[in-house]
Number of protein chains: 2
Amino acid sequence: MSEKNGGESFHMTPGEFRRWGREVIDWIADYQETIERYPVLSEVKPNEIRDALPKKPPARGESFATILEDVKRVVLPGITHWQSPNFFAYFPANASGPSILGDLLSAGLGVQGMLWATSPACTELETLVLDWLTEMLALPERFLSTGSGGGVIQDTASSATLCALLSGRERATGFSVNEDGCTGRLVAYASNQAHSSVEKAAKIAGLGRRNLRLIEVDENFAMRPDDLDARIQEDIDAGLVPCFVCATVGTTSSNAMDPLRDIGQVAAKYGVWFHVDAAMSGTAALCEEYRYIHDGLELADSYCFNPHKWMFTNFDCDCFYVADRAALIQTLSILPEYLRNEATKTGAVIDYRDWHVPLGRRFRALKLWFVIRHYGVEGLSHHVRRHVALAQEFASWVSESGDFDLAAPVPLNLVCFRHRGGDEFNEALMNRLNSSGKLFLTHTKLDGKLTLRFCVGQTMTDRTHVSRAWDLIREEGARHLSG
Amino acid sequence: MSEKNGGESFHMTPGEFRRWGREVIDWIADYQETIERYPVLSEVKPNEIRDALPKKPPARGESFATILEDVKRVVLPGITHWQSPNFFAYFPANASGPSILGDLLSAGLGVQGMLWATSPACTELETLVLDWLTEMLALPERFLSTGSGGGVIQDTASSATLCALLSGRERATGFSVNEDGCTGRLVAYASNQAHSSVEKAAKIAGLGRRNLRLIEVDENFAMRPDDLDARIQEDIDAGLVPCFVCATVGTTSSNAMDPLRDIGQVAAKYGVWFHVDAAMSGTAALCEEYRYIHDGLELADSYCFNPHKWMFTNFDCDCFYVADRAALIQTLSILPEYLRNEATKTGAVIDYRDWHVPLGRRFRALKLWFVIRHYGVEGLSHHVRRHVALAQEFASWVSESGDFDLAAPVPLNLVCFRHRGGDEFNEALMNRLNSSGKLFLTHTKLDGKLTLRFCVGQTMTDRTHVSRAWDLIREEGARHLSG
């Protein structure tokens with residue numbers, strides 16, 4: 001603690017910040033170098049972390065050395081290592097050096113970008129980088145900010161889906177729900193394989209779970225446009241108001257690809273807001289050969305994908321695009337006196353506070369900009385391509401194994417498979433693999449059967465990790481069968 | 001770029017991360033040391049930042065040195081310096097060394113804490129630190145996780161308010177809106193001085209703006225409980241369903257303190273969910289002498305305050321508490337197959353995904369824990385007390401000035417005042433002060449008159465800054481008057 005203005009300051013001085021900042025940087029670099037030594041899935045029991053820490057807050061400040069010591073002693077054992085190259089669970093939340101440093105700079109600048117005026121760079125860099133990404137992923141031009149669309153960083157796809165649904169709700173009712181409230185006649189649509197966030201959004205927005213129609217899927221778990229069409233027609237005949245269709249590019253369960261063009265045509269026929277959720281898989285469009293996943297996307301009113309899943313950018317970072325930004329802004333706009341300012345009055349700037357639920361916002365474009373500039377399109381597409389190739393190779397091993405079967409097509413980097421031993425066997429196998437600490441994978445249910453999911457997307461995962469994982473899975477399967 | 005497994009890796013190696021990490025740490029320390037040299041409010045014109053950057057994304061990766069160079073050349077002029085001690089605008093978004101380093105560690109670990117199992121430490125540290133804070137702020141015991149309540153970190157108070165309103169909506173309807181949708185009969189209440197996020201939440205949740213009753217305030221801009229009571233009774237008589245009352249501890253316009261006890265009694269009388277928004281001012285309760293602001297808080301169903309405003313913790317960090325966590329969880333819970341796991345099944349753990357809108361979440365408790373441990377209760381309360389004293393001193397200068405008047409009581413660290421020259425004069429004065437680059441303050445309207453707001457809360461603000469600001473304001477006022 002340093003003396004300042006004759007009194008105790010308690011603040012960390014810039015000098016101390018340099019010293020401890022280096023320690024933390026080194027700590028992270030050490031962590032990156034040794035991450036494979038830790039069990040991927042944390043082995044602690046409930047309350048173990050909490051019980052190892054003081055019950056009472058500290059009355060007096062402590063040294064930074066003590067704090068870092070506790071991170072190592074108490075926190076680290078309670079970490080499930082999402083950045084381990086042996087992490088194959090869920091969808092990844094991958095990160096990278098340039099992203100961490102971009103995030104650090106954002107924390108250091110400490111700006112709050114609710115309005116253009118509260119840090120023009122925070123807004124303009126975000127708009128620019130999101131425009132860049134439309135080119136990098138060959139997204140439709142209607143999402144460009146230079147036209148009548150535009151992109152914004154949201155925390156997660158859940159929030160993006162909510163904003164899309166709200167915009168659809170308002171557009172379908174002439175913006176009258178915002179004014180007078182829901183009337184109980186609004187209906188939304190997604191496949192029965194869509195992410196749980198669609199149901200959550202339907203509840204939050206006041207539509208209700210029962211007014212979210214779960215559309216049938218085909219044998220590949222992709223939405224059936226004919227069923228969508230029939231359900232919308234049925235609802236209209238019943239006097240209801242369809243307001244939102246959500247299609248998925250790469251479902252969470254099995255990476256199924258909904259047919260965007262056919263769904264988009266149905267949505268257009270009825271004038272319903274069409275949102276496309278490509279949270280993980282959208283990133284694949286960095287590579288020309290996978291861009292077919294977005295075929296028909298020009299029919300969408302909104303779209304999102306998460307660089308924080310598969311584009312080496314720290315959580316949180318979801319890129320959300322709309323074709324008609326006026327509809328989104330009209331849906332979420334609020335302008336109290338204390339936020340009025342000259343720049344907003346001119347109408348020449350974007351105030352991102354009207355593009356999402358929160359008012360305040362961090363400078364998240366920095367980390368995304370750092371990642372894109374560090375890797376270039378070349379580096380990013382290289383790693384995405386490699387992850388897909390590794391998943392395909394893993395899938396081929398499964399197919400040829402005799403003991404395991406693929407449970408769904410493998411369009412990109414998620415392999416859904418199961419041992420022939422049945423549900424209980426597969427669950428036990430998964431638990432044994434995860435408790436080995438050597439890898440982490442998760443499950444889903446497909447066709448009513450427990451199915452293992454193996455997603456290749458962590459930044460540092462390479463062939464060694466995938467092939468070692470397969471060896472473990474096969475050995476554990478064989479041992480378990482004979483045991 | 002390093003060779004790896006025989007191919008190009010493109011990744012930043014741990015060695016490179018050490019090198020560039022130190023550069024960024026030093027960059028931030030330099031920034032801290034020189035921040036007062038920059039104009040507080042950015043002087044760039046719309047599109048100036050964007051136009052200074054390449055229109056196209058880079059095909060190939062660039063050196064980190066080039067990226068950092070562009071931060072200095074392009075980004076920095078577009079920053080409005082929220083971390084400048086001469087920042088007196090809005091409410092602060094203050095930060096500190098330990099917070100930045102906690103955030104850095106969180107980025108380095110890169111965990112996603114949607115479930116207890118996906119990083120037990122991320123969940124348990126958050127629960128513990130939020131319990132600590134109830135003690136530090138002397139909040140009611142009903143908010144403790146060790147009882148039937150509990151706290152969670154949200155991004156902002158806007159999101160906390162939304163979650164509170166949703167919980168109220170569901171409790172008032174037997175959780176039927178979640179199921180069947182809104183019926184158009186639900187009503188919410190807040191004072192006409194409440195934050196715009198209450199209106200935003202009423203829109204999002206499907207209640208509609210017209211079903212948010214803006215309750216009258218007294219001469220101090222505090223909600224009138226008698227008007228609240230009358231309006232609720234009126235709505236019940238009209239067959240409507242009151243579901244949510246929001247009181248504010250420290251309104252954004254004028255830092256008005258709604259009388260929690262009286263409002264809570266009205267809410268209790270009608271069985272309506274009672275939420276208390278103490279976004280900035282809650283932090284003052286670190287000091288015993290300001291704890292009166294929370295008198296009656298034990299009647300609240302939920303409460304939030306933002307350590308990212310006035311507790312030296314980087315944005316975003318809102319602490320949201322509920323007395324009955326079961327109601328919140330039932331409101332927001334979703335459990336798809338792919339998130340099921342052993343720990344969740346036992347019921348012995350918290351899965352924070354059901355406590356807010358997004359599914360995924362960062363390890364934000366780390367920065368909060370770092371701040372509390374670095375400063376201790378002693379250090380935190382020292383600075384809060386000092387900020388309040390400086391604001392009070394500033395208010396006394398205003399009172400004694402002859403040219404300026406206070407426009408509202410000054411309970412804590414926000415001073416609302418205006419020159420006697422009228423609205424146009426005050427607006428021109430504000431614009432001239434802000435374009436001087438020497439300080440940044442903003443305005444509101446009180447009693448229909450344009451009012452300047454001067455909030456003392458930035459981490460490094462001390463007496464020198466406040467007294468220099470007053471000199472500038474007085475001089476500029478005098479010059480402007482004579483000019």
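Let me start at Asp316(B), which lies in the loop between α11 (307-310) and β9 (318-322) of chain B. The peptide bond leading from Phe315(B) into Asp316(B) is cis, with omega near 0 degrees. In chain A, a cis peptide bond likewise joins Phe315(A) and Asp316(A), with omega of about 5 degrees, and Asp316(A) sits in the loop between α11 (307-310) and β9 of that chain.

A word on what we are looking at: this is a predicted model, in which local features need pLDDT of at least 70 and side-chain atom pairs count only at pLDDT 80 or more, while totals for chains, interfaces and linings use all residues. Residues are numbered from 1 along each chain as its sequence is written, and chains are lettered from A and ligands numbered from 1 in the order in which they are written.

Staying with chain B, let's follow β9 to its partner. Five bridges join β3(B) to β9(B), and the two run antiparallel; strands pair, by our rule, if DSSP finds at least two bridges between them. Gln154(B) stands opposite Asp318(B) in that arrangement. Is β3(B) mostly covered or mostly open? Mostly covered: five of its five residues are buried. By buried I mean 20 or more other C-beta atoms within 10 Å of the residue's own; exposed is 12 or fewer, partly exposed is in between, and the C-beta atoms are placed from the backbone. Gly150(B), Val152(B) and Gln154(B) are buried on one side of β3(B), and Gly151(B) and Ile153(B) on the other.

Ala138(B), in the loop between α5 (120-136) and β3 (150-154) of chain B, has a positive phi of about 55 degrees although it is not a glycine. Ala138(B) has 13 C-beta neighbours inside 10 Å, so it counts as partly exposed. Over in chain A, Ala138(A) also has a positive phi of about 55 degrees.

Now back to α11, this time in chain A. Lys309(A) is found in that helix. Why does Lys309(A) count as buried? Because it has 29 C-beta neighbours inside 10 Å. Leaving aside neighbours within four places in sequence, the contacts of Lys309(A) include Phe91(A), Pro92(A), Ala93(A), Met280(A) and Gly457(A); a contact means C-beta atoms, placed from the backbone, within 7 Å.

In total, 133 residues of chain B are in contact with 133 residues of chain A. Helix α1 (residues 14-34) of chain B gives the most to its side, with 15 residues. The residues on that side divide into 63 nonpolar, 41 polar and 29 charged, where Ala, Val, Leu, Ile, Met, Phe, Trp, Tyr, Cys and Pro are nonpolar, Asp, Glu, Lys and Arg charged, and the others, Gly among them, polar.

How are the copies related? A rotation of 180 degrees with 0.0 Å of shift along its axis superposes chain B on chain A, with an RMSD of 0.0 Å, using least squares on the C-alpha atoms of residues with pLDDT of at least 70 in both. That is the relation of a two-fold axis. The same surface serves both copies, as 100% of the contact residues of chain B recur in chain A.

Last, the fold of chain A as a whole. Its secondary structure comes to 16 helices and 13 strands. The radius of gyration is 24 Å, close to the 23 Å that the globule rule gives for 483 residues, so chain A is as compact as a globular protein of that length. That radius is taken over C-alpha atoms, and the rule is 2.2 Å times the number of residues to the power 0.38. Of the 483 residues of chain A, 61% count as buried. Thanks, everyone!

Notes. Two residues are in contact if their C-beta atoms, placed from the backbone, lie within 7 Å. Helices (H or I, at least four residues) and strands (E, at least two) are DSSP runs, numbered from the N terminus.
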